[in-house]
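The exercises below concern a predicted model.

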Amino acid sequence: MARQPVQARARAKYDAIFKAAGELFAEQGFAQTTVDQILERAGSLSRGSLYNLWKDKDELAYTIVTESLIMDSITPATPRLQSVVDASILLAVLTPHVTVIKAANRLATEQGKAFFGYLWRTYIPLITELMTQARDLGELKPGVEPADWATLWVDAWVGLDLRFRENYDELATAVDRLNQQMVHCVATPETTAKLQVSVGRGHELIHTSQHADAYYTSVQEHLKDKRGPVDTPTATN
């Protein structure tokens with residue numbers, strides 16, 4: 001695993017390489033990204049700067065995946081099924097705006113690598129546990145098997161991520177529709193009436209995420225790009 005730097009100068013190099021790699025992996029995938037490209041974008045750093053922190057490009061990519069695809073923001077809610085919805089919609093809202101999450105999603109579908117399937121391996125057990133708790137609390141319809149439906153929910157999310165990578169702005173709306181259908185299938189009517197299932201719910205949760213700063217910065221940059229450059233008035237005689 002990556003060697004976390006202690007000194008400020010080494011930490012700055014770590015952050016620069018991590019950011020540059022995330023951008024390139026998100027843009028062109030693992031195979032098309034070279035170490036030299038990463039180092040150039042990181043500020044023309046030396047190869048030693050990278051290899052002092054990571055064994056190779058694979059380990060760097062694995063670090064991006066493991067540090068980005070985490071359910072850090074999801075706490076047990078009431079109904080418990082709300083936590084499952086929250087995990088799904090928050091990730092969908094963050095993905096278009098947070099480069100390292102886009103990179104992690106793409107890397108996690110790179111077959112033949114250690115990080116392939118990391119999203120499945122991480123989220124399915126957690127969603128299974130939440131849905132098991134929901135079943136024990138009487139929130140699920142009779143016959144709903146938590147492990148089977150957790151797997152289906154995560155698999156469907158990954159499918160939507162793949163489908164909308166060329167137009168990520170539509171991902172959250174698509175995941176909103178997915179969540180509504182899943183809730184309709186698994187939740188009792190009483191539970192359904194209590195759930196918040198909307199894109200707005202995802203936006204409400206952003207401030208709880210470790211990626212919140214990156215999200216807000218990206219949104220501001222996007223708004224600035226849409227407004228375009230501001231003309232500076234010229235003095236007239």
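**Exercise 1. Overall architecture**

Task: Determine what percentage of the residues of the protein count as buried, and how many helices and strands the protein has.

Solution. Residues under 20% relative accessible area are classed as buried. By this criterion, 48% of the 237 residues count as buried. The secondary structure comprises 12 helices and 0 strands. Read from the N terminus, the order of elements is accordingly α-α-α-α-α-α-α-α-α-α-α-α. Along the principal axes, the C-alpha trace spans about 65 × 60 × 30 Å.

**Exercise 2. Two helix pairs**

Task: Classify the orientation of α8 relative to α9, and then that of α7 relative to α8.

Solution. Two packed helices are described by the angle between their axes and by the distance between those axes.

Step 1. Helix α8 covers residues 146-163 and helix α9 covers residues 171-186; their axes cross at roughly 160° and come within 10 Å. Angles over 145 degrees count as roughly antiparallel, and α8 and α9 are therefore roughly antiparallel to each other. The crossing in which α8 passes α9 is right-handed.

Step 2. Helix α7, residues 118-136, packs against α8 at an angle of about 135°, and the axes are 8 Å apart.

**Exercise 3. The largest pocket**

Task: State the volume of the largest pocket and identify which helix supplies the largest share of its lining.

Solution. Step 1. The largest pocket holds about 390 Å³ of space. It is lined by 16 residues, of which Lys19, Val98, Thr99, Val100 and Ala214 are the closest to its centre.

Step 1. At least two lining residues come from each of α1 (8-28), α4 (57-68), α6 (99-107) and α12 (212-227). The largest share, 6 residues, is supplied by α1.

Step 2. Sorted by class, the lining of the largest pocket contains 5 nonpolar, 5 polar and 6 charged residues.

**Exercise 4. The second largest pocket**

Solution. Step 1. The second largest pocket contains about 260 Å³ of space. Among its 14 lining residues, the closest to the centre are Pro96, His97, Lys102, Ser218 and His222.

Step 1. Helices α6 and α12 each contribute at least two residues to this lining, and the largest share, 7 residues, belongs to α12.

Step 2. The lining of the second largest pocket divides into 6 nonpolar, 5 polar and 3 charged residues.

**Exercise 5. Individual residues**

Task: Decide whether Ser44 is buried or exposed, do likewise for Glu40, and locate the cis peptide bond that ends at Pro79.

Solution. Step 1. Ser44 lies in the loop between α2 and α3 (47-51). Its phi is positive, at about 55°, although Ser44 is not a glycine. Its relative accessibility is 61%, and the cut-off for exposed is over 50%, so Ser44 counts as exposed.

Step 1. Glu40 belongs to helix α2, residues 35-41. With a relative accessibility of 59%, Glu40 also counts as exposed. The C-alpha atoms of Glu40 and Arg121 are 33 Å apart, and these residues are separated by 81 residues along the chain.

Step 2. The cis bond runs from Thr78 to Pro79, with omega near 0°. Pro79 is in the loop between α4 and α5 (81-94).

Conventions: Residues numbered from 1 in each chain as written. Predicted model: local features only at pLDDT ≥ 70, side-chain atom pairs only at ≥ 80, totals over all residues. Heavy atoms only, no water. Helix = DSSP H or I, 4+ residues; strand = E, 2+ residues; numbered from the N terminus. Buried < 20%, exposed > 50% of the residue type's maximum accessible area, 1.4 Å probe, protein only. 1 Å grid on protein atoms, 1.4 Å probe; cavity = no way out; pocket = protein on both sides within 12 Å on 5 of 7 lines; lining within 4 Å. Points joined across faces, edges and corners; volume = space filled by probe spheres on them. Nonpolar A, V, L, I, M, F, W, Y, C, P; charged D, E, K, R; others polar. Axes fitted to C-alpha atoms, helices over the stretch in contact; angles between N-to-C directions. Parallel < 35°, antiparallel > 145°, perpendicular 65-115°, else oblique. Left-handed = near helix turned anticlockwise from the far one by under 90°.
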